[in-house]
Amino acid sequence: MEAFVLGPISVMKAGQRIISGTSQMAALFALLATSPGLTADYGEIRHAVWPGRAAQDSTIRQAVRALRLKLDGRVISPRKHAYSILLDTGELDLLRFQDYHAQGMSEAGADRLKLLALALAEFHPDGPLHGLGGTAFEVRKSELRGLQKQTSLARLKAARDMGELAEVQRDCDDLLRRYPGWHEVFLIQLDTAQPKLSERLDRIAHWTARHGQPTAPHEREMLAELKKRRPAGPAVRGARPVLQQLPAAGGPLYGRDSVLGPIAAAVLEDRRRRCLSVVEISGMAGAGKSAVALHLAARIAGAYPDGALHADLLGFAEDTDPLPPEQLLDRFLAQLKIRTRATTPEEKTAAFRTALSGRSVLLVLDNAATAHQVAPLLPGDGTCAVIVTTRRAGICTSAAPGAHRLSLGPLAPAASQELLRRGLSPAAHERIAHQLPEIADLCDHLPLALTLVAALLGKRPPHAIAFLIAQLTTERTRLEAMEPHDPARSVRAALQSSVAGLSPEAALLLWQTAIHPGPVISWCALMDLAQAGPLADAARAIDELVDLHLLERVCDASEHYRMHDLVRVYGRHYAAQHIPGTSQDLAERTLQRSLEYALQQVSTCDRILDPTRWLPVGGPGDTTVMLPSGEDAAMRLLDTEYQTLLSMVDLAVSAGSKRHMWLLPMALITYQWRRGFHFEAHRNLEHACSAASDIASPADLAMVHRMLASSLPGPSGYERAAAHLRKAVELSVQHDDGTGSMSLAWSLHALATLCRRQGDPAGAREHSERALAIFRAAQQAEGEAAVLNGLGTLAHDRGEHDLALGLCNAALRIFRHGADRNATANALTTLAKIHLSRAEGPLALSLYEQALEIYRELDYRPNEAKFLRPYAAALLSGGHTTRAVAALERAAQLLEALGGEGVDEVLAELASLR
C-alpha cells in the first residue's frame, strides 16, 4: 500500500486508488495519518471530519468500520474512544519525509543536502492535505507547511555551507516567491550575493519598508552585521531634532501580516507623490489596533527621515478623559523645539503645520475617540504620514477624505491557534493541541482575549487547563477567566470603556441585542427589538454601535449584523449596571419580542417555500419582517439566519415559551428538509412535540408527529417513525371536525409510505385507500394526487406497469395545477422509473431531467442527490457514459455537503466508470 497526505489525499493498493479526494473517508484517513503516533480520539475525529456538527459516537464508529474494511483491518483501537492506523515508513509520504529529515539533520555536507532534498520531494506542489477544509485541517496544514518551510531553510543553509552560491541564489528566489517577507532567506540571499555597500543598503531599506524589521534576535544581528559599514556622517551644528518616539513593535503579529503590505505600499506611494498620507485603523476593543499600527510604523519609518512622534490620545481610557488636542499640540511643539506665540487652539495648529511643512515626519496617534480630537493634529499637505487608531470608524473621513482605512476583525482560526501556542512548551502543546481550536472559539478569536488566555496556558500545569476551559465554556465566568492580575488590562475593562462612550440610547440597544441569542441579527430585527423599550431613534443607535465596532455588518451587501460573542457576554452579564433604563421587565419583553420576530420571519419564508402548509402562527401585529422576493431569496435569508434560528429554539426552551417551542421548529422544517439538516430538525421537533402536547389542538399535535416521523433517518428509524405516525392517526381521530379529517388522511398517507419502505405492501395499500376516500370526500385535490402517486408506486412494485402509469399520470395532472412543485417532481421521478421498467429509456430520461430541474430550482439538495443515482443508471443504460459520470460527480458533491453519507458508494461507481 502507498498513501499520500502531503498533497491531495490518496491511498493506492495493488495499483488501484481506493481512497482519494475530499470524501469523509479521505478526511478520516488524513486525520489519523497526520496525528501524533497515527492516533486520534473521538473528540479530534468529530471536530475534523464533521466540523460544526455534533456527530454521534455511532457515526464515528461506522465511519471507522468503513475505513478499516478499505484498509484490510489496519485501523485498530489502542484505547477506549481512540483509533490508530498501522502504516510503515515506506507506505506514507509524511513518514518518509520525517525519516529523511531526521537522517539529514544528523549528517553534514553533501549527505545532509541530499537527504533534505529527498525529504522536500515528498511534498506535492498543491500543498499538504489539499482540498480538506475545516479548522482542524487548516491547523494541520499550517503545521505541515511549517515543517516544509523549516526543512527548506535547513537545506538552503546546507547549500550555503557547501559553497553552492548559485544554487543558494536560485533557492532564495524560489522561497521568497513562495513565502514573501521571509527575513532570514532575504538576509542569506543578500549575504551570499555580496553586492556593493550602496546597493546593499538600498535593498535593505526597500525590504524593511515592505516587510518590516526582523524580530528574531539572530536575524537582527545578521541585519546589523550587513549594515555595520554604513558611514555615520559628520555631526551638523544646529540640525533640527530628529525624534524617534515609537515604542517597540513587540513580538510577531498573528494573522495580520497580509494587511500590512498593501497599506505600507499605499503610504509609500503617497510619500513618492509628496502627499500627506493618513491611515485610520479601526476595530473593537482588543482587536490589536495598536500592535498593527506600531508594526506598520516600523515598516515605513525609514521613509520619514525627520523622525517619528507618538501619542496615546486616551480616547477610551477608564476613569480618564480623552487628551485634548491643544495639550498634545503644546507637547509636540516643545519636542520639536518650535517657539511660538500662539495662544488659541487654531493658532497652535497652524504653528504645528508650519513646523512640519519642511519635514518628513511620521505621527502615530493611538486610541483616538473623535474626529475633533484628531483633526487639529493632522499636518497640512506635504511628505508626512499619520497613523490613527480608534474604536470609532470613520473619524478621519471629514479631516482627511483620502485616508486609507483598515478595519480589524477577529483573527482567522489558524492565526488564533498560533497565538495560543506561543507560550506553550513542545510537551504542553502536544498534550493540549487538540483543545486549541475550542479555546480559540471561546475567545471568539479576539487578539486581546487570546493573548490573555495564552499567558494562562503558558504558566498553568496540564490538569489546570481543563478547569480553565470549563471557566471559558461557562458564559457567566468567561470574561472573569480572561482577567489577569491587573484588571485594567482585561477584556471586561476594555469593553466597559467602549460602552462608556455610547449614548444612553445606543447603550440600551446594545444591552437588548445581547439578550438576543445571535450569532446574527437583521436590521429589521434590531428595529423591532427596540420597540420593546423606550428608544426613539433606533436607526441612529444602530449606526453608533456599528461605528464603535460593537455591532458589525456581516458583509456590505447584507441586511444582517453580528455581535462579537464576548461583547454579547459582557452585555448580558455586566452592562446593565452601567446602563440606565434596564430592568427585568424590559429584559422579558425583549426576549419575547426576539422570539416572536424570529417566528414571524421564518413563517413568512415558509409560506413562500411551501404555500400548501398552514400553521397557526397568527398575524404579525406590529412586527415588520423582511419579505423575500421569491423562493431563492427565502432560502438565502434562512441560510443567513439558520444558526440564529436554532439558537432561538434553544432560547424558547430555556424560557419555557411553549408557543415558540412548537411553532418555530414547525415553521423551519421545510427549509431544513431542503438543506438536509435532519438531525437538527429531529432535535427541535422533539421540543415542539413536548410543547404542542400542552397547548396545541390534537390535529396540530398530529402534524408534529408526522414531521417527527419524516425526520428520522432511514431503516434504523422506521420503528420510531411508525410509532409517531400511529400516534398521529390516534390524535386525528380524536379531532372530529374538518381539520381532524384532513389530519387523519395525511397521517394515513404517511403511514402507507412507511409501510411500503418496511416491506408491508398490504398495509401500505390499506392505509392509502382509506386516505384516498377521505381526500376525495373533502375534494382535497393535492392529497388525492399524493395518494394516487403512492398507489402507482405500489403497482410498479408488483410489476403492474400499465396500472402504475395510469395512477401516476393522474397524480401528475393534479400536481401540475397546484402549488406543490416538490410533489410534482416526485411524481415525475415515479413515472420515470415506470417508463424505465417498460424499456422506454428516452422518455424516462426526459422525466428525470424535468424532475431534477425542479429540485434545482427549489434548491432541494437531498432530493436532487437521491434521484441523481437512478438518473445516472438510466443514462448508462442508454449508453450516455459521459453524462452519467457528470451526474454521479454532482451526486458526490451534494452528498459530501450534506454530511457524507452515501458518498463512498457514489465514488466507487465513478471509479468503475473511469
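1. Helix α8, which spans residues 183-193, is mostly covered, since nine of its 11 residues are buried, where buried means under 20% relative accessible area, exposed over 50%, and partly exposed in between, with a 1.4 Å probe and protein chains only. The helices named here (H or I, at least four residues) and the strands (E, at least two) are DSSP runs, numbered from the N terminus. The structure is a predicted model, in which local features need pLDDT of at least 70 and side-chain atom pairs count only at pLDDT 80 or more, while totals for chains, interfaces and linings use all residues. Residues are numbered from 1 along each chain as its sequence is written, and side-chain values use heavy atoms, with hydrogens and water left out.

2. The buried residues of α8 are His-183, Glu-184, Val-185, Phe-186, Leu-187, Ile-188, Gln-189, Leu-190 and Thr-192. Their cover includes α6 (135-161), α7 (165-178), α9 (197-211) and α10 (217-227). After α8 comes Gln-194, whose phi is positive, near 55 degrees.

3. Two further residues deserve a look for their backbone angles. Leu-129, although not a glycine, has a positive phi of about 55 degrees; Leu-129 is placed in the loop between α5 (109-121) and α6, and counts as buried because its relative accessibility is 0%. His-549 is likewise not a glycine and has a positive phi of about 60 degrees; His-549 lies in the loop between α25 (538-547) and β14 (552-553), and is buried, with a relative accessible area of 7%.

4. The peptide bond that runs from Gly-518 to Pro-519 is cis, with omega near 10 degrees. Pro-519 is found in the loop that joins α23 (504-515) and β13, and β13 (520-522) is one of the elements that each supply at least two residues of the lining of the largest cavity, along with α24 (523-530), α27 (584-609) and α28 (631-655).

5. The structure holds one cavity of 30 Å³ or more, and about 120 Å³ of space lies in the largest cavity. A cavity is a set of points, on a 1 Å grid over the protein atoms alone, where a 1.4 Å probe fits but cannot get out, and its lining residues have an atom within 4 Å of a point; grid points are joined across faces, edges and corners, and the volume is the space filled by probe spheres set on the points. Of the 15 lining residues of the largest cavity, His-516, Ala-525, Tyr-597, Ala-598 and Met-648 lie nearest its centre.

6. Thr-624 lies in the loop between α27 and α28, and is exposed, with a relative accessible area of 56%. Although Thr-624 and Ala-525 are 99 residues apart in sequence, their C-alpha atoms are 8.2 Å apart in space. With neighbours within four places in sequence left aside, Thr-624 is in contact with Cys-524, Asp-528 and Tyr-597, a contact being heavy atoms within 4.5 Å.

7. As for the protein chain as a whole, its secondary structure comes to 41 helices and 15 strands, and its C-alpha atoms fill a box of roughly 110 × 75 × 50 Å, taken along the principal axes. Buried residues make up 51% of its 914 residues, and, among contacts with a separation of 6 or more, 66% are accounted for by residues 24 or more positions apart.

Technical notes:
1 Å grid on protein atoms, 1.4 Å probe; cavity = no way out; pocket = protein on both sides within 12 Å on 5 of 7 lines; lining within 4 Å.
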